[in-house]
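Student: I have a model open and want to work through its architecture. Can we take it piece by piece?

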Amino acid sequence: MPAKVVFDNVSCVFQHRSGQLVQALRDVSFEAPEGQFICVVGRSGHGKTTLLRVLAGLQQPTGGSVAVGDRHVTRPGRDRAMVFQQDTVFPWMHVRDNVEFGLAAAGLSKSERRRISDRRLSEVGLDEFAQSWPRELSGGMRKRVALAAVLAVDADVWLMDEPFGSLDYFTRRQLHDLLIELWEEANKTVFFVTHDIEEALILADRVLLVSEGRIVDDLPVALPRPRDEDVRASAEAVGLTKRILSHLGVQTTHAAPSRLAAQG
């Protein structure tokens with residue numbers, strides 16, 4: 001079963017390369033139940049990625065604690081898998097070897113790795129590209145490789161830091177549909193950082209709005225799935241968009257959610 005995530009009064013202070021101390025997180029507390037899809041939204045530089053990195057075990061908090069299930073997070077672990085904004089597919093490995101990388105590190109046999117990678121590559125629509133080099137794939141296909149690698153290790157929590165931000169709109173929408181399909185089947189807990197309010201409303205069960213290192217709003221998103229254009233143009237979706245924008249200090253008179261981004 002996927003694990004429950006708990007942030008308990010988490011703060012994070014680090015030193016910028018200029019020498020100035022930066023408080024990236026301030027007394028952040030929340031719980032994420034099993035299987036919830038959470039989008040973390042806010043302006044640039046306000047703590048979204050730091051929150052994700054602390055949960056990943058890549059950055060230590062200076063106060064408070066984070067737990068996944070019954071384990072406190074102190075370092076990276078196989079219970080959490082991350083997809084970064086940058087392309088992190090290893091260019092010197094074939095697609096299959098990229099997907100099997102975490103499995104090999106865990107000591108699984110070659111036959112078991114092959115069984116798992118065959119299944120995961122099929123699920124993301126890349127079974128015909130197992131022996132391809134990453135340079136032979138489009139940007140969207142490389143993101144599918146990264147998703148297959150996350151599926152392969154069967155982590156309890158999926159962490160995604162603007163994974164589709166560099167892709168064109170149509171490729172991104174295809175990957176939204178794929179991600180939701182994979183998440184619904186796997187029932188994992190997802191934290192997805194985004195600047196894009198429309199993306200958050202397409203994906204999320206819940207939106208955590210971050211400003212100056214604090215959670216300033218915690219919004220349930222009860223829109224019916226699939227979230228097509230009509231759903232995203234509904235009065236409820238418009239209300240959620242306006243509420244998010246008001247926290248960001250942006251006023252809008254648009255009648256329906258557009259591709260508005262919480263850029264700083």
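Tutor: We will go through the sheets, the helices, the cysteines and the salt bridges of this predicted model.

Student: Which strands are the edge strands of the four-stranded open sheet?
Tutor: The strand order is E2-E1-E4-E5, with antiparallel pairing. An edge strand pairs on one side only. Here those strands are E2 (21-32) and E5 (71-72).

Student: Take the pairing of strand E4 (residues 63-68) with E5. Which residue in E5 stands opposite alanine 67?
Tutor: E4 and E5 pair in the antiparallel sense. Two bridges hold that pairing in the assignment. Opposite alanine 67 stands histidine 72.

Student: At about what angle does H1 run to E1?
Tutor: H1 covers residues 48-56. It lies across strand E1 (5-15), E2 and E4. Its direction relative to E1 is about 115 degrees.

Student: How many disulfides does a search of the whole structure find?
Tutor: Cysteine 12 is buried at 1% relative accessibility. Cysteine 39 is buried too, with a relative accessible area of 0%. A disulfide needs two cysteine sulfur atoms within 2.5 Å, and the number found in the whole structure is zero.

Student: Now the six-stranded open sheet. Which are its edge strands?
Tutor: The order is E6-E7-E8-E3-E9-E10, and the pairing is mixed. Neighbouring strands are turned by 20 degrees against each other on average, direction ignored. The strands that pair on one side only are E6 and E10.

Student: Which residue in E7 stands opposite methionine 82?
Tutor: E6 and E7 run parallel. Four bridges join them. Methionine 82 faces leucine 159.

Student: At about what angle does H4 run to E6?
Tutor: H4 lies across E6 and E7. H5 also packs on the sheet, touching strand E3 (37-42), E7 and strand E8 (189-194). The direction of H5 makes about 160 degrees with that of E7. For H4 against E6, the angle is about 180 degrees.

Student: How far apart are the end C-alpha atoms of helix H4 (residues 139-153)?
Tutor: H4 has 15 residues. At 1.5 Å a residue, they should span 21 Å. The model agrees with that, because its end C-alpha atoms are 22 Å apart.

Student: How many of the residues of H4 are buried?
Tutor: H4 is mostly covered. Its buried residues include Lys143 and Arg144, along with Met141, Leu147 and Val150. They pack against strand E6 (80-83), helix H2 (95-105), helix H3 (110-123), strand E7 (157-161) and helix H5 (169-186).

Student: Which residue follows H4?
Tutor: Look just past the helix. The residue there has a positive phi, near 55 degrees. It is aspartate 154.

Student: How many residues apart in sequence are the parts that aspartate 118 and arginine 96 tie together?
Tutor: Their side chains meet in a salt bridge (2.8 Å, N to O). Aspartate 118 lies in helix H3 and arginine 96 in helix H2, so the pair links parts separated by 22 residues.

Student: Of that pair, is arginine 96 buried or exposed?
Tutor: Start with aspartate 118, which is partly exposed at 38% relative accessible area. Arginine 96 has 10% relative accessibility. The cut-off is under 20%, so arginine 96 is buried.

Student: Glutamate 123 and arginine 119 meet in a salt bridge. By about how much of the helix are they separated?
Tutor: The N to O distance is 3.3 Å. Both residues lie in helix H3, four residues apart. Their separation is therefore about one helical turn.

Student: Which strands do arginine 206 and aspartate 218 tie together?
Tutor: The two form a salt bridge, with the closest N and O atoms 2.7 Å apart. Arginine 206 sits in residues 206-211 and aspartate 218 in residues 214-220, so the pair ties together E9 and E10.

Student: How many salt bridges does the structure hold?
Tutor: Some share partners. Asp70, Arg71, Asp79 and Arg80 are joined into one network that way. For the structure, the number is 16.

Definitions and conventions: Residues are numbered from 1 along each chain as its sequence is written. This is a predicted model: local features need pLDDT of at least 70, side-chain atom pairs count only at pLDDT 80 or more; totals for chains, interfaces and linings use all residues. Side-chain values use heavy atoms; hydrogens and water are left out. Two strands pair if DSSP finds at least two bridges between them. Contact means heavy atoms within 4.5 Å. Axes are lines fitted to C-alpha atoms, for helices over the stretch in contact, and angles run from 0 to 180 degrees between N-to-C directions. The expected span of a helix is 1.5 Å times one less than its number of residues. Buried means under 20% relative accessible area, exposed over 50%, partly exposed in between (1.4 Å probe, protein chains only). A salt bridge is a side-chain nitrogen of Lys or Arg within 4 Å of a carboxyl oxygen of Asp or Glu.
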